[in-house]
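Please walk through this structure, from its open spaces to its strands, helices and aromatic rings.

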Amino acid sequence: MNNNNNYAVIMAGGIGSRFWPMSTTKFPKQFHDVLGIGKTLLQMTFERLNVLVPSKNIYIVTNEMYKNQVLEQLTKVTEGQVLLEPMMRNTAPCIAYAAFKIHALNKNARLIVAPSDHLITNENLFIQNIETALVTAEKEQSLITLGIKPSRPDTGYGYIQFSESKTAENKDIKKVKTFTEKPNAEIAQEFINSGDFLWNSGIFIWTSKAIIKAFETSLPETYELFDEGNEYYNTLEEDKYIQKIYPTCPKESIDYGIMEKANNVFVLPVNFGWSDLGTWGSLYTHINHDSENNACVNKNTTFYNSSNNIVKVSKDKIAVIQGLDDYIIVDEEKSLLICKKEDEQKIKYFVQDVRREKGEEFV
């Protein structure tokens with residue numbers, strides 16, 4: 001496979017409000033060393049994709065306020081590889097922007113689209129799965145997503161139902177039957193029992209040609225906006241054009257706008273140790289625990305009569321926790337969170353209340 005035709009698009013514009021108070025509007029979770037290993041989630045994502053994709057072919061789509069963070073953390077990336085969104089418009093416009101810009105450079109481009117804040121523990125298997133999907137996506141001009149084999153009836157993920165009809169190219173890649181947004185616990189259990197549902201990873205593989213055609217068919221308004229900019233991509237006029245059209249872009253997710261409508265959508269079932277690290281609870285399962293099942297991001301916490309907690313304090317601070325069970329404790333410079341793990345989905349509402357009652361500087 002000619003790697004020069006491989007391109008990656010890293011979506012790095014989210015705020016990650018469920019990871020407050022570590023993740024804030026000014027400094028979201030993808031720019032943090034969440035695992036305490038000396039690398040941020042964005043850096044880990046870049047390095048993972050760089051195995052298959054030349055560094056010059058990796059593009060990062062992010063909000064314009066994060067330009068400097070991206071360039072500071074990714075030293076192999078130039079300014080021209082950082083695509084700046086003037087405002088948040090969900091995933092369809094940012095993917096359209098990247099696809100049109102890359103297609104203007106290389107009509108034979110194969111794209112890997114991935115979020116910046118996911119954890120993948122078996123990176124060798126991830127690379128193998130991506131290579132498999134790239135071959136089929138190019139030969140059949142199909143839209144492929146990676147579906148995670150579910151380990152539990154999780155209500156925090158979207159689900160993909162597949163049918164046994166396969167692509168002509170590869171028997172492991174299945175036809176997508178339905179997409180379902182986050183289900184309730186009862187439906188999630190039914191999905192698990194059926195055996196033909198996967199978690200939606202939000203990782204996509206396709207050619208620039210195929211995804212642009214899908215925009216033309218399923219999201220024509222978005223297609224027209226970006227198609228009219230073909231003369232500006234990769235020129236000094238590109239940013240000015242994006243500033244002009246972005247406010248008029250329909251706010252739409254790629255799942256709802258294209259993947260649920262197109263007829264050439266396939267899924268590759270995978271099992272490479274994936275987590276979207278969407279919550280403190282999901283992080284808890286991926287870091288080491290002591291004998292009482294307490295987990296610390298920075299190893300500088302002493303526990304007494306406490307169990308099942310996750311704690312993050314800064315490296316230059318120690319914490320002593322006594323008598324707590326099943327809590328999230330996060331201490332940042334301006335904010336302190338102490339929350340029951342079972343109530344972690346409420347954190348995004350806490351953030352809304354803090355913003356309203358205490359001000360933007362704390363969120």
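How much space lies in the largest pocket? The volume is about 1400 Å³. The model is predicted, so local features need pLDDT of at least 70 and side-chain atom pairs count only at pLDDT 80 or more, while totals for chains, interfaces and linings use all residues. Residues are numbered from 1 along each chain as its sequence is written, and side-chain values use heavy atoms, with hydrogens and water left out.

The largest pocket is lined by 40 residues, and G14, N90, T91, D117 and H118 are the closest to its centre. A pocket here is an open set of points on a 1 Å grid over the protein atoms alone, where a 1.4 Å probe fits and protein lies on both sides within 12 Å along at least five of seven lines; lining residues have an atom within 4 Å of a point. Grid points are joined across faces, edges and corners, and a volume is the space filled by probe spheres set on the points. The elements giving two or more residues to this lining are β2 (58-63), α3 (91-105), β9 (197-207) and α9 (254-259); helices (H or I, at least four residues) and strands (E, at least two) are DSSP runs numbered from the N terminus. The largest share, four residues, comes from β9. By class, the lining of the largest pocket has 13 nonpolar, 17 polar and ten charged residues, where Ala, Val, Leu, Ile, Met, Phe, Trp, Tyr, Cys and Pro count as nonpolar, Asp, Glu, Lys and Arg as charged, and the others, Gly among them, as polar.

The second largest pocket has a volume of about 420 Å³. Of its 23 lining residues, R152, D154, Y157, W199 and S282 lie nearest the centre. β11 (274-275) and α10 (280-284) each supply at least two residues of this lining, which by class has four nonpolar, 13 polar and six charged residues.

The whole structure holds 17 of them, a pair being two rings of Phe, Tyr or Trp (its six-membered ring) with centres within 6.5 Å; planes under 30 degrees apart count as stacked, over 60 as edge-to-face and the rest as tilted. The ring centres of Y157 and W274 are 5.0 Å apart and their planes lie at 55 degrees, so this pair is tilted. Because Y157 lies in the loop between β6 (143-148) and β7 (159-166) and W274 in strand β11, the pair ties together parts that are 117 residues apart in sequence. Y157 is buried at 7% relative accessibility, and W274 is buried at 8%; buried means under 20% relative accessible area, exposed over 50% and partly exposed in between (1.4 Å probe, protein chains only). F191 and F197, by comparison, form a stacked pair, with 3.9 Å centre to centre and 10 degrees between the planes. F191 is buried at 11% relative accessibility, as is F197 at 9%. Elsewhere, ring pairs link Y97, F100, Y223, F226, Y233 and Y246 into a cluster.

Attention now turns to strand β4. Six of the six residues of β4 (residues 110-115) are buried, so the strand is largely enclosed by the rest of the structure. In a regular strand the side chains alternate between the two faces of the sheet. In β4 both faces are covered, with R110, I112 and A114 buried on one side and L111, V113 and P115 buried on the other. β4 runs parallel to β1, to which six bridges join it; two strands pair if DSSP finds at least two bridges between them. I10 has A114 of β4 as its bridge partner. β4 and β9 run antiparallel and are joined by four bridges, and L111 stands opposite W206 in β9.

Helix α1 is mostly covered, with eight of its ten residues buried. Its buried residues include L41, L42, M44 and F46. Among the elements covering the buried residues of α1 are β1, β2, β4 and α4 (123-140).

A further sheet is open and mixed in pairing, with four strands in the order β12-β14-β16-β17. Its edge strands, β12 (295-296) and β17 (336-340), each pair on one side only. β16 (residues 327-331) pairs with β17 in the antiparallel sense over five bridges, and I328 stands opposite C339 in β17.

Key:
Contact = heavy atoms within 4.5 Å.
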